[in-house]
Structures are given as structure tokens and as C-alpha cells.
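Q: I would like to go through this model by asking what each term rests on. Please set each value against its definition.

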Amino acid sequence: MSSPVRRASAEEPEAVERRAFDVAEVRRDFPILQQQVHGKPLTYLDNAATSQKPRSVIDAITRYYRTDNANIHRGIHTLAERATVAYEEARVAVQRFLNAREAREIVFVRGTTEAINLVAHAYARPLLRPGDEIVVSILEHHSNFVPWKMACEATGARLRVVPMTDDGTLRLDEYERLLFDRTRLVAIGHVSNALGTVNPVADIVRLAHARGIPVLIDGAQAVAHMAVDVRALGCDFYAFSGHKVFGPTGIGVLYGKADLMERMPPWQGGGDMISSVTLDEVRYNTLPAKFEAGTPDIAGAVGLAAAIEYLGGLDRAAAAAHETALTRYAEKRLGEFSDVTVFGRAREKAGIVSFVMSCAHPHDIGTVLDGEGVAIRTGHHCCQPLMHRLGVAATARASFAFYNTHEDVDRLVDGLARVREMFA
Ligand code: C6P
């Protein structure tokens with residue numbers, strides 16, 4: 001694995017910005033980026049949907065299947081032992097990645113969606129009564145909206161939605177006004193997948209905790225862009241997906257404070273989540289096995305640990321500064337088009353530029369760009385309430401990772417000029 005710039009200690013932001021981030025060198029770690037699409041170099045700007053995988057992650061998964069594959073926590077043979085160790089070491093890698101207090105606070109799930117559904121089923125539903133409330137925001141992805149809506153509908157509780165300003169900034173004043181003694185949970189995204197807004201999650205947690213309300217943070221879009229410290233944030237639950245943080249699909253993480261998760265019942269029954277079963281009685285396993293029924297994605301956990309190790313070799317502050325520079329450059333270049341409207345101008349943003357063009361539907365933009373080798377996402381981004389607030393059905397979205405370049409932005413802009421030629 002290459003290490004373009006080594007991790008640095010706490011520094012002035014200007015110093016980080018000045019430090020070079022060797023993109024050419026990191027790009028060599030990502031074999032998929034070396035290809036052509038429709039005869040053009042691939043320009044991958046759909047990182048918010050899923051990010052690409054470095055060679056070390058691909059190799060770790062292959063190595064696992066070639067040499068260690070077995071089921072875990074069950075067998076006493078050598079391979080079973082190796083697979084179990086690899087899986088539990090991956091849990092410790094995630095614990096350190098999030099700075100969780102204990103490894104048992106890390107539950108492996110399929111992804112962010114499953115993590116949030118776990119909390120909705122095992123924490124919220126047993127607790128909610130008519131008149132209780134759950135607070136989400138208008139920026140939420142459906143994964144952090146629908147499970148709460150379903151939980152409210154099943155229990156008679158009410159879903160409250162924090163509004164935003166026109167530039168995509170969460171209204172903290174309104175948020176504070178919504179909290180009261182029947183608020184049972186706050187569930188807010190760390191970074192908006194549609195606008196890139198970075199929410200002030202530490203303040204959100206502080207204000208909720210002042211009233212004794214637990215907080216879940218949907219970190220799906222945050223972990224790829226910034227170091228996350230769940231103890232510093234103080235959040236009660238934190239969810240993310242492996243595939244958005246340069247790891248494989250099919251694996252994700254729910255962090256939960258041990259004292260909360262110990263009190264929660266399991267939400268799925270099956271192997272591994274029990275300590276004993278008789279015809280009359282089932283006793284549940286301890287954390288985290290209680291929430292990991294059935295054979296998990298062992299290779300996925302191994303791949304996620306490799307992704308975390310890869311990120312550990314990068315200077316993440318310099319990578320983030322590079323992404324910010326790309327985002328600013330993209331916004332500046334999109335400003336050259338009189339028929340382009342960019343959504344999401346919050347002061348704190350991470351790697352996402354969402355826009356519409358008056359001459360073409362976002363899907364047409366996406367199709368033309370694909371012909372130019374440029375991959376973006378178009379549609380409602382699983383954020384229909386947010387699209388409604390913006391007054392559009394869909395946007396085109398370019399999303400950046402540290403391996404993107406200024407040339408990638410130029411190719412996007414050239415592609416948009418082609419869209420205008422064809423549709424205007
Ligand atoms: N957003 C996007 O293109 P899963 O599918 O479980 O890995 O992640 C769901 C999810 C939850 N929260 C946020 C903020 C997200 O961005 C996502 C996934 C992708 O924006 C696919 S819709």
C-alpha cells in the first residue's frame with residue numbers, strides 16, 4: 001500500500017491545505033480507476049453511492065477465501081479458528097477506527113440501512129408509546145427516515161423533522177425547539193448524501209443529552225471523508241457501511257454504547273445469538289453476538305479491516321483538504337454555466353456537488369456523461385422529502401473521493417458542455 005503523505009498530528013488547517021497530497025500515487029492503489037469506459041478514461045464521480053476498493057482490500061478478501069475460509073464461533077478446526085480470529089480482529093480494527101470504548105460495542109451488520117433498522121426495532125419500538133416523538137431532519141436519506149416512520153406508525157408515536165435553510169444548513173434553533181420530555185430518540189445524518197452538508201453532530205448530541213435523549217448518527221457519508229471519534233461526539237449509536245469507506249459491500253457497522261445495547265432485546269433470532277435453547281426457553285448471547293444472528297459476512301469484515309488499515313496509512317487531513325479543494329473547484333467551474341443551479345451551499349460541506357441544468361433532465365445529463373466516461377449519480381438520491389423541499393424531483397450529483405483529480409472535474413465540465421450542445 002502506498003502512503004502518499006503520512007499521518008500528521010493536530011495542525012493548522014492552512015498548513016494541511018498547503019501540504020501536497022500525491023493523488024497520482026494513491027490512484028495506483030485502485031486498479032478499477034485505470035480503465036477506459038466508452039473509449040474514454042474512467043472519471044469516477046459516484047463515490048457517495050459506493051467508493052472504489054484499493055488493491056489491499058481486494059487482496060485481503062481473496063487471501064481470506066484462498067487460505068482461511070470457514071464458519072466462525074463454531075468449529076474447533078484450524079481454519080475455523082483462523083476465520084474467527086480474523087473476524088474478531090476486524091471488530092477490534094473498527095473499534096479503534098471509531099475510538100469506541102470496547103469491541104463489544106461494535107456490531108457487524110449488512111450496512112447503514114440494517115444498522116438503523118436494528119435500532120428502530122430493538123431500541124425504539126419496544127419503548128415508543130402514543131405521544132412520544134422521534135426527531136430526524138429534512139436532510140435524511142430514506143434509510144434514516146423510513147425505519148422511524150414505520151416505528152412511529154406501529155406505535156402511535158410521532159416523527160418530527162428538523163428543517164434546513166435554503167443553503168442546506170440544518171436549523172439548530174428549530175432542532176432545539178423540537179426537543180421535549182417525550183422525545184425518545186434523535187436520528188440525524190453526519191453528512192448529507194444529497195447536498196454534502198456536514199451537520200454539527202457534537203452540538204446535536206450535546207443539546208439532546210442535556211434533556212436525556214439518546215442520539216443515533218447516520219455516518220454513511222462521513223467516514224470516508226473525516227476521522228470519527230464516537231467518544232468525542234458522545235453519540236449513543238453510530239452507523240456506517242463498509243462499501244462507502246473503500247471496503248466491500250455487504251458489511252456495515254452499528255456502534256452502540258454497551259449499557260444501552262445490553263438492555264435492548266435481539267431483533268433477529270438464529271444461530272450465534274443464543275447462549276442456550278430448550279423447548280421452553282431461549283437465553284440470549286452477550287454483546288455483540290446477541291445482534292449477529294446467523295453466519296455473518298466474514299470476508300466482508302476482513303475486507304473492511306483492510307480498508308481501515310489502508311486509510312490508516314493516509315494523511316487523512318491532507319486527503320480531506322484535497323477533497324475540499326476539488327469540491328470548491330467543481331462549484332467554481334459549474335458557475336461558468338448560466339443554466340446550472342447548484343444545491344447545497346452550507347459552510348461545512350464534504351465532497352458532494354448536486355446540481356440541475358435547465359436544458360436537460362438529470363437522467364439525460366447522466367447518460368451523456370456516461371458516454372464521456374464520467375460516472376455520476378442522478379435521481380432523488382433516496383432523499384425524496386429533501387427533493388420536495390428543494391422543489392425538484394431529481395438532481396445530478398458528483399461526489400468525490402481522495403483519488404479524484406482536478407482533471408476529473410474538467411472532464412465533468414466538458415461533459416456538461418456536451419449536454420448543453422445536445423439539449424439547449
Ligand atoms: N447512499 C447514495 O448514493 P446502505 O445502502 O445501507 O449502504 O446506505 C444507506 C445510506 C444511509 N445513509 C446515507 C446518508 C446514505 O448516503 C446511504 C446510501 C447512497 O447516496 C445509496 S442510496
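A: Domain bounds here come from an automatic or database domain assignment. With those bounds, the centres of domain 1 and domain 2, taken over C-alpha atoms, are 28 Å apart. The assignment gives domain 1 as 43–48 + 315–423 and domain 2 as 78–311. The model is predicted, so local features need pLDDT of at least 70 and side-chain atom pairs count only at pLDDT 80 or more, while totals for chains, interfaces and linings use all residues. Residues are numbered from 1 along each chain as its sequence is written, and side-chain values use heavy atoms, without hydrogens and water.

Q: How do you know which residues of domain 1 and domain 2 are in the contact, and how many are there?
A: Contact means heavy atoms within 4.5 Å. By that rule the contact takes 29 residues from domain 1 and 31 residues from domain 2.

Q: What makes up the area buried between domain 1 and domain 2?
A: Buried area is the accessible area (1.4 Å probe) that two parts lose on being put together, summed over both. For domain 1 and domain 2 the value is about 2400 Å², with 58% of it on carbon and sulfur atoms. On the side of domain 1, Arg316, Leu386 and Arg389 supply 27% of the area buried against domain 2, more than any other three residues.

Q: Why is the pair Arg389 and Asp166 called a salt bridge?
A: The term requires a side-chain nitrogen of Lys or Arg within 4 Å of a carboxyl oxygen of Asp or Glu. The N to O distance between the side chains of Arg389 and Asp166 is 2.8 Å, so the pair meets the definition. The count between domain 1 and domain 2 is one salt bridge, and the structure holds 30.

Q: What places Arg91 and Glu88 about one helical turn apart?
A: Arg91 and Glu88 are three residues apart in helix α4 (residues 78–98), which means a separation of about one helical turn. Helices (H or I, at least four residues) and strands (E, at least two) are DSSP runs, numbered from the N terminus. The closest N and O atoms of Arg91 and Glu88 are 2.7 Å apart, and the two form a salt bridge.

Q: How do you know which residues are around the ligand, and which come nearest?
A: A residue counts as near a molecule or strand if one of its heavy atoms lies within 4 Å of it. There are 17 residues around the ligand, and Thr113, Asp218, Gln221, Ser241 and Arg377 come nearest.

Q: What is the peptide bond from Leu287 to Pro288 called, cis or trans?
A: This bond is cis, with omega near -5°. Pro288 lies in the loop between β12 (282–284) and α11 (298–312).
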